[in-house]
Amino acid sequence: MVTVSIDRFSGFCWGVVRTVQIAEDQLAATRTSRNVYVLGHIIHNPKEIQRLEDKGLETISVDDFPRLANSGAKVIIRAHGEPPSTYRAAWEHGIEIVDATCPVVTKLQERVRKFWDQGYQVVIFGKKDHAEVLGVRGVVRDQCIVVKSVDEALATVDVSKKTVLFSQTTMDRPTFLLIRDALKGRVSELIVDTMEEIATEFHAKDTICGQVSGREAQLSKFAAENDVLLFVAGKASSNGKVLFDVAKASNPRTFFMETTDDLDPAWIQGAERIGISGATSTPQWYMEEVKSFVERLAAADLAIA
Ligand code: SF4
């Protein structure tokens, strides 16, 4: 007997629920004319993107603003946020912005701006070209250092300047803490070397979203309870990568899949308990589809056996 279950702590985070709801509301309000756009893919999930595009949502970039100028277009800013230059460009082209930036990201931008205004060197633990980081970089006119690892931080951050460390909201906390400790260590060394109380100041602000970090312990437990764990997420999802690694560490028979096309039947062979989990951008409805697909696959396998 094979049982297939969905991790009840997986699925959309409230920030994504909010963004998708804003898009649905805009599409419903302009049913007759196709004038609702989103800057970049609304979330990192191809199935959900397709569902909303089927309703009329069009994905664009800032380069499309000239062709949409003064046309009544409404452009949604997704949960990742945007740099100030995007708002300015929209205003210049007579485009209405519908701001669906996640409040957690807005708060991060505000905190970064506050420290930058006070003359701090801003360091961000994140991916340089991730949309959220591009937004934050724009807030400080790109006057910040983005690092992905301890080595990068030690090689690029001059701790003799007053410094503040932040994190992209979807990065992993253990690495953030390692970077924090490495930079703190450098500050201590500097004080010992110079034998004086230089004006070194270092702050670390853990801005990793609780919607990601809060899932880790539960996911780890869920992965361990199953023989096989199928982790469903978009390949471009940052938190999908973090959560997949958490599950894999707990259960080596954890497999990443974006759609059912990726599923290799060999993965589930001989498994009696199959778990399905996903990122904060993985829709519940799609995990239900994966569940039905796996149940059919397992039943066919048993019939052959
Ligand atoms: S993971 Fe956190 S920061 Fe990102 S959209 Fe969800 S609630 Fe917002």
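**Overview**

The chain contains eleven helices and twelve strands, where helices (H or I, at least four residues) and strands (E, at least two) are DSSP runs numbered from the N terminus. This is a predicted model, in which local features need pLDDT of at least 70 and side-chain atom pairs count only at pLDDT 80 or more, while totals for chains, interfaces and linings use all residues. Residues are numbered from 1 along each chain as its sequence is written.

**The chain as a whole**

- Taken along the principal axes, the C-alpha atoms of the chain fill a box of roughly 75 × 55 × 25 Å.
- Of the 305 residues of the chain, 41% count as buried; a residue is buried if 20 or more other C-beta atoms lie within 10 Å of its own, exposed if 12 or fewer, and partly exposed in between, with C-beta atoms placed from the backbone.
- Among the contacts in the chain with a separation of 6 or more, 76% are between residues 24 or more positions apart; two residues are in contact if their C-beta atoms, placed from the backbone, lie within 7 Å.

**Domains**

- The domain assignment gives domain 1 (3-11 + 211-304), domain 2 (14-102) and domain 3 (104-168 + 173-204); such bounds come from an automatic or database domain assignment.
- The centres of domain 1 and domain 2, taken over C-alpha atoms, are separated by 30 Å.
- Twelve residues of domain 1 are in contact with nine residues of domain 2.
- The side of domain 1 that touches domain 2 has three nonpolar, eight polar and one charged residues; Ala, Val, Leu, Ile, Met, Phe, Trp, Tyr, Cys and Pro count as nonpolar, Asp, Glu, Lys and Arg as charged, and the others, Gly among them, as polar.

**Surroundings of the ligand**

- There are 15 residues around the ligand, of which C13, G15, C102, V104 and C209 come nearest; a residue is near a molecule or strand if its C-beta atom, placed from the backbone, lies within 6 Å of it.
- Helix 1 (14-29), helix 5 and helix 9 are the elements that give two or more residues to this shell.
- Helix 1 gives the most to the shell, with three residues.
- By class, the shell around the ligand has nine nonpolar, six polar and no charged residues.
- The ligand lies between domain 1 and domain 2, because both give residues to the shell around the ligand.

**Helix packing**

- Helix 5 (residues 103-117) and helix 6 (residues 131-139) pack at an angle of about 30 degrees, their axes being 9 Å apart; axes are lines fitted to C-alpha atoms, for helices over the stretch in contact, and angles run from 0 to 180 degrees between N-to-C directions.
- The crossing of helix 5 and helix 6 is right-handed; a crossing is left-handed if the near helix is turned anticlockwise from the far one by less than a right angle, and right-handed if clockwise.
- V105, L108, Q109, V112 and R113 of helix 5 make the contact with E132, G135, V136 and V139 of helix 6.
- This contact of helix 5 with helix 6 has five nonpolar, two polar and two charged residues.
- Helix 9 and helix 10 (residues 238-250) have axes that come within 8 Å and cross at roughly 35 degrees, and their crossing is right-handed.
- The residues that make the contact include V212, R215 and L219 of helix 9 and N239, V242 and S250 of helix 10.
- The contact of helix 9 with helix 10 divides into eight nonpolar, three polar and two charged residues.

**Selected residues**

- E225 is found in helix 9 (residues 210-225) and is partly exposed, with 14 other C-beta atoms within 10 Å.
- Leaving aside neighbours within four places in sequence, E225 is in contact with R273 and G275.
- A90 is placed in helix 4 (residues 84-92) and counts as buried, because A90 has 21 C-beta neighbours inside 10 Å.
- Leaving aside neighbours within four places in sequence, A90 is in contact with F65, V75, I95 and I97.
- R141 is found in the loop between helix 6 and strand 7 (144-147), and D142 has its place in the loop between helix 6 and strand 7.
- Phi of R141 is near 50 degrees, a positive value in a residue other than glycine, and phi of D142, near 65 degrees, is likewise positive in a residue other than glycine.
- Most residues other than glycine have a negative phi.
- R141 is exposed, with 11 other C-beta atoms within 10 Å.
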